[in-house]
Amino acid sequence: MERVPILKIGEILLVSIQVDMSDQTAVALQEDLAERIVATGCHGVIIDITALDIVDSFVGRMLSTIASISRVLDAETVVVGMRPAVAITLVELGLSLNGIRTALNVERGMELIAIDRADYDHDETGDDPIPEPTASP
Amino acid sequence: MTSGADLGRPQAQTVGSDEDVVRVRQLVRTVAVAVRLSLVDQTKVVTAASELARNTLVYGGGGTVEVIAVDNGRRAGIQIVFADSGPGIADLDLALTDGYTTGGGLGLGLSGARRLVDEFDIQTAPGQGTRITITKWSR
């Protein structure tokens, strides 16, 4: 069985699917990615499907599952590079890819994750300000 | 008319593993390109074939897929037959409903595949296996 490589680029895990995946390969990717998120502590996952000439219901479900697993492990997933014909077919098939964020290419996907993370860090400090030291009586 | 003689003959692929589902996709893609379907129509018919070949494997316990180039005098097209001798489908209307599944999937395989092609014929009965024929015509 082929395995899809997972690359770490800075704080992001990049998965570029270059093969026509069998169902087993897709399931293995799900598991490998969960392990890598925990091992690296990365907060962003980009799945590049530029090379995929179809996305059927099995692969669609895998993408949704990966996004859910990543979220539970404190990482955002962005699917990038979907071909126009694939998008048309997916919608007609009835797959809505619920909960999946998309971007047109890897660069925009990285921007999306960076913006997300900046907001998140900002919220953390904004909602929970460090109290000013008070003078003790 | 290049390779017309080859195209007119059905090409068969047995489906016994999920690697075979990948092979079915590749075979369907090759014939869809040869009969000059548009890129969107190629994508639709390959996706439909992927769903139905997976059904043949998962629900039918394996079977065969036959792919043939067809011509109705006005348009060229691709016809694909998925046959298994599995348990068959008892309630066809229910099986063709979006979201209905007995296998833990999304329940879009059969209903979605039907939407992606021009013609969809299904012959099935409990204990008699399932035979699905789909056709996609060039525009």
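Colleague: Where does Asp84(B) sit?
Modeller: In this predicted model, Asp84(B) belongs to strand S3 of chain B, residues 76-84.

Colleague: Buried or exposed, and which side chain of opposite charge is nearest?
Modeller: Asp84(B) is buried and has no salt bridge. The nearest side chain of opposite charge is Arg131(B), 10 Å away.

Colleague: So what lies 2.8 Å from a polar atom of its side chain?
Modeller: The backbone nitrogen of Gly86(B).

Colleague: And what is Asp84(B) in contact with, leaving aside neighbours within four places in sequence?
Modeller: Thr56(B), Gly60(B), Gly62(B), Gly63(B), Gly129(B) and Thr130(B).

Colleague: OK, the strand itself. How many residues of S3(B) are buried?
Modeller: Seven of nine, so S3(B) counts as mostly covered.

Colleague: Which strand pairs with S3(B) over nine bridges?
Modeller: Strand S2 of chain B, residues 63-71, in the antiparallel sense. Thr64(B) is opposite Ala83(B) there. Four residues separate the two strands in the hairpin, and Gly73(B) has a positive phi near 95°.

Colleague: What about S5(B), how many bridges join S3(B) to it?
Modeller: Eight, also running antiparallel, with S5(B) covering residues 130-137. Trp137(B) in S5(B) is the bridge partner of Gly77(B).

Colleague: Switching topic: how many residues are in the largest nonpolar core?
Modeller: The count is 64, and those with the most contacts inside include Ile17(A), Val28(B), Ile78(B) and Phe82(B). Helix H3 of chain B, residues 39-58, gives the largest share, seven residues.

Colleague: What is Val28(B) in contact with?
Modeller: Beyond its neighbours within four places in sequence, its contacts include Val45(B), Val67(B), Ile78(B) and Ile80(B).

Definitions and conventions: Residues are numbered from 1 along each chain as its sequence is written. Chains are lettered from A and ligands numbered from 1 in the order in which they are written. This is a predicted model: local features need pLDDT of at least 70, side-chain atom pairs count only at pLDDT 80 or more; totals for chains, interfaces and linings use all residues. Side-chain values use heavy atoms; hydrogens and water are left out. Buried means under 20% relative accessible area, exposed over 50%, partly exposed in between (1.4 Å probe, protein chains only). Lys and Arg count as positive and Asp and Glu as negative; His and the chain ends are not counted. A salt bridge is a side-chain nitrogen of Lys or Arg within 4 Å of a carboxyl oxygen of Asp or Glu. A polar contact is a pair of N or O atoms within 3.5 Å; within protein, one must be able to donate a hydrogen and the other to accept it, and residues adjacent in sequence count only if both atoms are side-chain atoms. Contact means heavy atoms within 4.5 Å. A nonpolar core is a set of buried Ala, Val, Leu, Ile, Met, Phe, Trp, Tyr and Cys residues joined through side-chain atoms within 4.5 Å. Two strands pair if DSSP finds at least two bridges between them.
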